[in-house]
Number of protein chains: 2
Amino acid sequence: MPTYKAPLRDMRFLLKDVLNAEAALSELPYYTQHETHSADLADQILDEAARFASNVIQPLNASGDAEGCTVQGGVVTTPAGFKEAFKQYAAAGWTGLDGDPEYGGQGVPHVIGNAVSEMMIAANVAWSMYPGLSHGAYTALKAYASDETKNIYLPKLLTGEWTGTMCLTEPHCGTDLGLLRTKAVDNNDGTYSLSGTKIFISAGEHDFADNIVHLVLARIEGAPAGTKGISLFLVPKFMVNPDGSLGERNPVVCASLEHKMGIKANATAVLNFDGAKGILVGQANRGMQAMFIMMNGARLGTGMQGLGLGEVAYQNALAYAKDRIQMRHEPRITPAEAADPIIGYPDVRRMLMTVKAYNEGARALAMWLALQIDVEHHHPDAGKREEAADIVALLTPVAKAFMTDNGFTNTVMAQQVFGGHGYIREWGMEQYVRDARIGQIYEGTNGIQALDLLGRKVLGDGGKKLQKLSSLLTAFVEENEGNEELESMLEVLGKAAQQAGTLTMVIGQKAMQNPDEANAAAVDYLRYIGHVTYAYLFAVMSKAALEQIVLGNDRDGFYRAKVQTAQFYYAKLFPETKTLAATIKAGNGPMQVDDAAMFGVERPLVTA
Amino acid sequence: MPTYKAPLRDMRFLLKDVLNAEAALSELPYYTQHETHSADLADQILDEAARFASNVIQPLNASGDAEGCTVQGGVVTTPAGFKEAFKQYAAAGWTGLDGDPEYGGQGVPHVIGNAVSEMMIAANVAWSMYPGLSHGAYTALKAYASDETKNIYLPKLLTGEWTGTMCLTEPHCGTDLGLLRTKAVDNNDGTYSLSGTKIFISAGEHDFADNIVHLVLARIEGAPAGTKGISLFLVPKFMVNPDGSLGERNPVVCASLEHKMGIKANATAVLNFDGAKGILVGQANRGMQAMFIMMNGARLGTGMQGLGLGEVAYQNALAYAKDRIQMRHEPRITPAEAADPIIGYPDVRRMLMTVKAYNEGARALAMWLALQIDVEHHHPDAGKREEAADIVALLTPVAKAFMTDNGFTNTVMAQQVFGGHGYIREWGMEQYVRDARIGQIYEGTNGIQALDLLGRKVLGDGGKKLQKLSSLLTAFVEENEGNEELESMLEVLGKAAQQAGTLTMVIGQKAMQNPDEANAAAVDYLRYIGHVTYAYLFAVMSKAALEQIVLGNDRDGFYRAKVQTAQFYYAKLFPETKTLAATIKAGNGPMQVDDAAMFGVERPLVTA
């Protein structure tokens, strides 16, 4: 059975040596005022969270997968222990960790909350989604709901008495929400009656909490077609009286649960709204805007699933590789035994280091972005807020897609280290593969993330946001010129920043003639930008590690390993950009084929 | 629910237009004598097999996965319908299709048998493994058993009355069979008594057949340690009397079945041998040699799983992409509808064509190799036999690893086309992913295949076998010089052949200093050779297709699509070689890291 130990050493390295988070957070009055900016507090929180993840949640991971969720007459039962663990989590205050103290939250910085969420995911991703979805609902309500609504709902979400959901997808539309049909009829009493069917609703119904707060996209009768006629509603499972006490059961019912490849312990519900009462959140017909608030958080959160699952898969593959003896290495490693531990073989080391490097790149990206989100929300200087917001907007789709794609291949590679045993349920590795797979699909498929990056974030503003990222890279290269130990990385990085600009221009020019060119290049482009970003972060981390080595602080070799991991990344993983540059340049031409001949489609789809 | 239609058009293209199989088989007296060489017969067989696969086996695929196998008191129950389908398969003569007529087989060429096996795999891979394992046992017995044994056992295997297994792995050894402990005690009456535990035995126990013929690797008491002390034994489930009738139950018992990620309808048994009686097959202490006969067949067969699953996943993803409408393409494709079919978007086309191209490259490699196996076994000219044997030896690990790696990513990509629905069990796509995953692991992990290719097949004979492949490529390039339509492919191919040679020399020189260098490069090297081989085959296929176009034979556009698929392959998939060349050159250095710091290992594993 797998085990999990939170990577506290790496988290602290990022917070202290790389990001200097305490200093950055000290510039944000919101945190200094609540006295939540200090490194000491962060340390305590991370220690506590690590214990909770390993001792309470992780032991339920395999049993939760085996048991799954069941529904009978609309009542959902979650796996044994899940409900109790959530009560314990809520009682310890974790549900309100980075919530606003005005509503009973603890006001802890997002960068710390995000690290905590990595641990919960790694320990038990299906379980972690119940509080995760609540957090998304909290964020959207906080941004768009009326004060009255906020005063009633936010405290309940932060205590964990109630949980939340996001109800977007319908059977005929996922990516294309403009097609949605769920209808909202104005009752002319401040409420609406919603009717329709929503599918794929994570944590959509369960036995954790007294009430469930559904945030639902629907179309008010008579609203325009497409996304411009979509509004956001709050639809509680139980109606809520003005004093916050629970009223009648609202007709929003779990019709069934999906049978899925993984995350089986999370209840993925089909919800029927049968005239369920709701209230409008934000303005009518502006639901997409509010949805994106939830969605951006959910996208980073999904990216974190790639990291958390990659990390726990790595830890267990490493343990197996040290333990399993097979074949004899030349020269022998453990000559007293019949064979040598497989970690001695370069190909096994290659697999382990690949997983490790992608995890550490992901953690650096996630921590950096989370801190930028703190700055975006709370910096007193508008220019700083905008700068942070641009980086967050640009890199959110990268974090979602690059981290989940690598997270999936990481779990597959970690499983491979186990040989045949990796395919057997009891070893637990195959569950990580099944659980990781969904990250590439939901909250906007990774193909959609790529379009968001290239179309909206890069070409959509004439490359201004991308320019900000490039400036960071080139500034780093210039600042560190002459640093011999970083020299080879800087050279690669400088060229990469340049090539990223060239590739963007090439695509941009083609896309002006034919929008299909952007669509054709998007996925490869996102991967390219992901690699450039990781290369930057590995160089930054190497610099920080080298400084500590010079200071004589590397007794356990952590910093040396960090530099070696960075060198491995540059030598073995970053070269994927060579292929990506070639396939980006190849463009849409290779896909402009005869539809009848190639796909058996009767009409020509593409006019070549 | 998924459907499957055998790709007969592509199979016939390969057999007729590309390989000219009838002519090649006409040179092999074994087939002309049995009158099994003709294209007409092949057509009939493929048509019949296609019907059987789609109508009988495919409908049991999802239910078989859901039901799985169960064991009680050593008795295994397979999913509903599995046994009956096997009886029907056997009654129709499929179990003896490419068996020797001397033992009741039909003497059909291997190249046809292999195509039939692709269909059975695509329709239901877990089911297909029961006859697949029997075929392996048949092959080993035919090569190494005494005439007496062959006369009793081979006809029963070919009629399907009995089935076979391969019993290699033990709990502490898979890759490293030299460590195996199963013991054989000579009874001095022509039999041995075997004791030990074998794990991961596919089709190891079931309810399909009257008897199961286990081929077991074991160590005769007093035999040398390591692989030089391993012998192969035939251990029947029921003892067999000299007249072929069944005797006592032999104490080889299914202790349990594994719970697996996929191929759940195949019974993966833990078998306890408790003084089970067996007879020696081949010479004492020469078991590894006989094992490799089975293993080479099994490796190609495993490669075929990558192809079959990739093909069925493709067909269903294509159907979904034509049916699902989402977002609006510019210009609109189906303006009368609210949205356009997703097959119109370049990124969806990219995914579909990637899967299609890897499938078609795999089918070309498999068919070519299968025909080479026919030549290797039956050509009257020893030189031709050797030439064919060299290509088969060289490309068997490539077929196993490259076809299963691509097969797995193909199923993942096809699943991605479905968006969220791909994650839901009822759509069937997630089963293909789970079923495909094992191909990369069993019959020697793909890492082990890579070592076999680079260490044994390439460096082991000083590059002679590789030279034969290179010669085919360069000859093709020279022969077709001036063919304008092939020009760009020929240019790439010529350079690739050259670079393959250079990379091999680079690795070879480094490996002479340090064997770890071969281990470090092997996996990337195999992928490189895989791409070079597919590039060659796509050029050969393009040439054949272009000839048919010139002849005016392309009414349905099949040949045009083939050329466009080849162009897509060269533009979008082959460029992976750019990355591989770089990572191969990066060598073992990046993995030579500090073990204590990097992996928390106390002793240094690698002396840098």
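User: At what angle do the axes of helix 12 and helix 13 of chain B cross?
Analyst: The model is a predicted one. In chain B, helix 12 covers residues 382-417 and helix 13 covers residues 429-437. Their axes come within 9 Å, and the crossing angle is roughly 165°.

User: How is helix 12 of chain B oriented relative to helix 13 of chain B, roughly parallel or roughly antiparallel?
Analyst: The axes cross at roughly 165°. Angles over 145 degrees count as roughly antiparallel. Helix 12 of chain B is therefore, relative to helix 13 of chain B, roughly antiparallel.

User: Is the crossing of these two helices of chain B left-handed or right-handed, and which residues of helix 13 make the contact?
Analyst: Helix 12 of chain B passes helix 13 of chain B in a left-handed crossing. From helix 12 of chain B the contact uses B:Gly407, B:Phe408, B:Thr411, B:Val412, B:Ala414 and B:Gln415. The residues from helix 13 of chain B are B:Met429, B:Glu430, B:Tyr432, B:Val433, B:Ala436 and B:Arg437.

User: How many residues of the contact between helix 12 and helix 13 of chain B are nonpolar?
Analyst: By class, this contact has two charged and three polar residues. The nonpolar residues number seven.

User: Which helix of chain A gives the largest share of the side that touches chain B?
Analyst: Chain A and chain B each put 77 residues into their contact. On the side of chain A, the elements giving two or more residues are helices 10, 11, 13, 17, 18, 19 and 20. The largest share is eight residues, and it comes from helix 18 of chain A.

User: How many residues on the side of chain A that touches chain B are charged?
Analyst: That side includes 39 nonpolar and 20 polar residues. The charged residues number 18.

User: What kind of axis relates the two copies?
Analyst: Chain A superposes on chain B by a rotation of 180° with 0.0 Å of shift along its axis, at an RMSD of 0.0 Å. The copies are thus related as by a two-fold rotation axis.

User: What percentage of the contact residues of chain A recur in chain B?
Analyst: Both copies use the same surface for the contact. The recurring fraction is 100%.

Methods
Residues numbered from 1 in each chain as written. Chains lettered and ligands numbered in written order. Predicted model: local features only at pLDDT ≥ 70, side-chain atom pairs only at ≥ 80, totals over all residues. Axes fitted to C-alpha atoms, helices over the stretch in contact; angles between N-to-C directions. Helix = DSSP H or I, 4+ residues; strand = E, 2+ residues; numbered from the N terminus. Parallel < 35°, antiparallel > 145°, perpendicular 65-115°, else oblique. Left-handed = near helix turned anticlockwise from the far one by under 90°. Contact = placed C-beta atoms within 7 Å. Nonpolar A, V, L, I, M, F, W, Y, C, P; charged D, E, K, R; others polar. Least-squares fit on C-alpha atoms with pLDDT ≥ 70 in both.
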